[in-house]
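Subject: Structure for your review

Hello,

Please find the structure below. My notes on what was found follow it.

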Amino acid sequence: MGQLRMGHLTVEDAGEGQVKLGLAIVGATGGALAMGVLYGFVSKFIGEHSYVAFLIGAGSGLAAMKLGGGRSVVAGAVAAAMSLIGVIIGKVIVGAPPGASWIAYHTTLFDILFCYLANPAAAFFAAGTDKARSLLKMLPF
């Protein structure tokens, strides 16, 4: 259960310790917005590749986890929601080709799978579950 202490709210970590929820929300928001803008500008000038949109969610989730000091379901849900906002900001920057509908252009099967499903799933996985910790331990760096 969460605890309110003089200006900050903490919740239990998915593994151990406490998560500073306010800082986790700031991290999720900052990570999602920064990665969304980066995705938008890179996609506008190089070409949009929807399969890399999950990096927005990964950035949002990792920022929430690092700033909050741990993982929690609440931080994961906020990171997932903010990553959806981040990808929409990126898609607004990309725009649509002349004569094409913005909605039709950005709701193809690849966009739905990678931008609107895999993206928030990556954010929740990074910030909301303890499973990412065991995956990170397997990496050589």
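Among contacts between residues at least 6 apart in sequence, 72% join residues at least 24 apart. This is a predicted model, and every value here is computed from it.

Two such separations can be checked directly in the coordinates. For Gln18 and Gly69, the C-alpha to C-alpha distance is 7.3 Å at a sequence separation of 51 residues.

Overall make-up

The protein has 6 helices and 3 strands. Read from the N terminus, the order is β-β-β-α-α-α-α-α-α. Of the 141 residues, 38% are buried. The protein exposes about 7800 Å², and carbon and sulfur atoms supply 76% of that area.

Two packed helices are described by the angle between their axes and the distance between the axes.

1. α1 with α2. Helix α1 covers residues 21–46 and helix α2 covers residues 54–68; they pack at about 155°, with their axes 7 Å apart. Angles over 145 degrees count as roughly antiparallel, and α1 and α2 are therefore roughly antiparallel to each other. Their crossing is right-handed. On the α1 side the contact includes Leu23, Ala24, Met35 and Tyr39, and on the α2 side it includes Leu55, Ile56, Ala63 and Leu67. By class, this contact has 12 nonpolar, 6 polar and no charged residues.

2. α2 with α5. Helix α5 spans residues 109–128; its axis comes within 7 Å of that of α2, and the two cross at roughly 20°. The cut-off for roughly parallel is an angle under 35 degrees, so α2 and α5 are roughly parallel to each other. This crossing is right-handed. The α2 residues in the contact are Phe54, Ile56, Gly57, Ala58, Gly61, Leu62, Ala64 and Met65, and they meet Phe114, Ala118, Asn119, Ala122, Ala123, Ala126 and Ala127 in α5. The class count for the α2 and α5 contact is 12 nonpolar, 3 polar and no charged residues.

3. α2 with α3. Helix α3 runs over residues 73–94 and packs against α2 at about 140°, with the axes 9 Å apart. That angle makes α2 oblique to α3. The crossing of α2 and α3 is right-handed. Ile56, Gly57, Ser60, Gly61 and Ala64 in α2 meet Ala79, Met82, Ser83, Gly86 and Val87 in α3. The residues of this contact divide into 5 nonpolar, 5 polar and no charged.

Ile56 and Ala64 are named on the α2 side in the contact with α1, in the contact with α5 and in the contact with α3.

Two individual residues

Leu23 is found in helix α1. Its relative accessible area is 40%, so Leu23 is partly exposed. Leaving aside residues up to four places away in sequence, Leu23 touches Leu67 and Gly68. Both of those α2 residues also belong to the contact of α1 with α2.

Gln18 is found in strand β3, which covers residues 18–20. Gln18 is also partly exposed, with a relative accessible area of 32%.

Regards

How values were computed:
Residues numbered from 1 in each chain as written. Predicted model: local features only at pLDDT ≥ 70, side-chain atom pairs only at ≥ 80, totals over all residues. Heavy atoms only, no water. Helix = DSSP H or I, 4+ residues; strand = E, 2+ residues; numbered from the N terminus. Buried < 20%, exposed > 50% of the residue type's maximum accessible area, 1.4 Å probe, protein only. Contact = heavy atoms within 4.5 Å. Areas by Shrake-Rupley, 256 points an atom, 1.4 Å probe, with all protein chains shown as cover. Axes fitted to C-alpha atoms, helices over the stretch in contact; angles between N-to-C directions. Parallel < 35°, antiparallel > 145°, perpendicular 65-115°, else oblique. Left-handed = near helix turned anticlockwise from the far one by under 90°. Nonpolar A, V, L, I, M, F, W, Y, C, P; charged D, E, K, R; others polar.
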